[in-house]
Amino acid sequence: MADIAEVTQDLPPTAAASRAEEPNTVPRMAKSPSRSGRERRQVCPASQQRLVVVSNRVPVPKDGSNKAGGLTVALEGALKQSGGLWFGWSGETVENPPGEAKMVQSGNITFAVLDLTKQDYDEYYAGFANRALWPVCHYRLDLVQIERHELDGYFRVNHAFAASLALLLRPNDVIWVHDYHFIPLASELRKLGCKNRIGFFLHIPWPPPDVASALPAYGRLLSSFGAYDLVGFHTPQDAENFQQCLTRENIGSSVGPGEHQIDSHRMRIGAFPVGIDIDTFGKMAAAAEDNALVRRTLTSLGNRDLIIGVDRLDYSKGLKQRIEAFSCFIKSNPDFRNRVTYIQITPKSRSDVPEYQQMQREIAEQAGWTNGSLGEVDWTPVRYVNRTVGHSALAGLYRMSRIGLVTPLRDGMNLVAKEFVAAQRPEDPGVLILSRFAGAAHELDCAILVNPYDTEACGAAIARALQMPIEERRERWATMMERLRSNTVQAWCQGFLASLRSVSVESTGLFIEHDTRTNWSVPPETPSP
Ligand code: ADQ
């Protein structure tokens, strides 16, 4: 997740052969032999282990009006099961932040958030996280900005968050850290003596060594992963890239697929593709046929078919190439002039990052230019909208679309692709055109898979989708629904946590004394992570 708040507002495919061996989502990791050869030992039953979720943004409930997306609902569900703590940034910048977290209690979940200074925000969030980690992980080395003070700010904020979280932890807590903002969090916690099980999930892609090594402090960042017990990615490809990075940098050694030994610590690495709650989403889409916005949109289309794109405004989403592909389609298929409308719903994001400001201008200009050159007095081919749309209306718009155009240049997963499929009418489903570089292509290989850089081929895919016979549409849709059903967001959450909880205590080294300063146990000697 780019940022939990961004995801939850109202909210390279592998070969077919290897996919056949791994039909769905369950992480495939080699079983690790107990290092000592003794039986594995749990500190206490899973039901008594409190879950601690850490993410950059935290969906703190406000006046009972917390509108949550699927990911948040799933994580909250997991937190409720044994009681939990959700820890992260408040979303606020202040001059003098208090060192302690602000706490909000809701049922058996505690939300604990910290404010940032403007300097922290600029260096950690807008700086290193979004101008170095984000572009490198999305293979955009041309957009990487390397500023030493931003790197320092990133580690400084991670240290401060770890110090604050340390005060809230209990010995049996299981900690689940989310996303690229917090890669070094576990190593900072370990330095403070934390011996709890700690898992990490990366919501964005992880590139191969030649790309990843463009990161400043690459070795330091990679080493810091070694403090986690489990590191999860959306796809086996990302997990493999990550393990290759460790091996190439001589950080520990692979002891089989999904297992990496670093000094005396064994880390698991696995693929845990995130899912969506398809039943809820499908019902919401059916109900949204009566939604006012959906009805107005339908009326405004006349008899034209709708092609829909829904993305945060981000260079990873391939919007420039997508508009170009639509333009190629119209130019090569003049019969479709005035018979289709492409609606691109794209709320702005990260507008304080310079690369995003420039991109926002360029895409708006391109949409205008395309309409100017292709449009008619009574036909606007591209409707480009910088708005957030309620999830229910969004579901209704997906349902009335003939094509879902999801063509990121690179994406960890892409939940829009899954939402589009879940929203379709079984008897008359629309067609998903999906980038082969989205993590979702791994499961949704019955979409029309495209190379988003090849705009002419994408244009041809649009023509093919519009002319696809109903039998083929139904067949493709049914296969994709089966895949989505076998991997819901709840299953993702449970699968990751089950894997983390099964890490042997011996491999985390939980042989410890109790420290009264923090609320957890520490070893006699603080190990280096
Ligand atoms: P994102 O990059 O934000 O997430 P994505 O997976 O597509 O991308 O999720 C976007 C979510 O926001 C979807 O639920 C979508 O419905 C919603 N959304 C998008 N545009 C909207 C709009 N205009 N109005 C309302 N809602 C809108 C990051 C990674 C992804 C990964 C997710 C989850 O970049 O690769 O899939 O985290 O792990």
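Two strands are taken to pair if DSSP finds at least two bridges between them, and helices (H or I, at least four residues) and strands (E, at least two) are DSSP runs numbered from the N terminus. The model is predicted, so that local features need pLDDT of at least 70 and side-chain atom pairs count only at pLDDT 80 or more, while totals for chains, interfaces and linings use all residues. Residues are numbered from 1 along each chain as its sequence is written, and side-chain values use heavy atoms, with hydrogens and water left out.

In this model, I307 stands opposite I403 in β14, and two bridges join β11 to β14, which run parallel. These strands belong to an open sheet of six, in the order β13-β12-β11-β14-β15-β16, with parallel pairing. Its edge strands, β13 and β16 (448-450), each pair on one side only, and the twist averages 20° from one strand to the next. Angles here run from 0 to 180 degrees between N-to-C directions, with axes fitted as lines to C-alpha atoms, for helices over the stretch in contact.

Helix α11 (residues 292-301) touches β11, β12 and β13, and its direction makes about 155° with that of β13. Helix α15 touches β11, β14 and β15 (431-435), its direction making about 170° with that of β15.

Helix α12 (residues 319-332) has 14 residues and reaches 20 Å from its first C-alpha to its last, close to the 20 Å expected at 1.5 Å a residue, the expected span being 1.5 Å times one less than the number of residues. Its buried residues include L319, R322, I323 and F326, where buried means under 20% relative accessible area, exposed over 50%, and partly exposed in between (1.4 Å probe, protein chains only). The buried residues of α12 pack against several elements, among them β11, β12, β13 and β14.

T407 counts as buried because its relative accessibility is 4%. The side chain of T407 makes a polar contact with the side chain of R322 (2.7 Å); such a contact is a pair of N or O atoms within 3.5 Å, and within protein one must be able to donate a hydrogen and the other to accept it, while residues adjacent in sequence count only if both atoms are side-chain atoms. Leaving aside neighbours within four places in sequence, T407 is also in contact with residues including K317, I433, S435 and V450.

Notes
Contact means heavy atoms within 4.5 Å.
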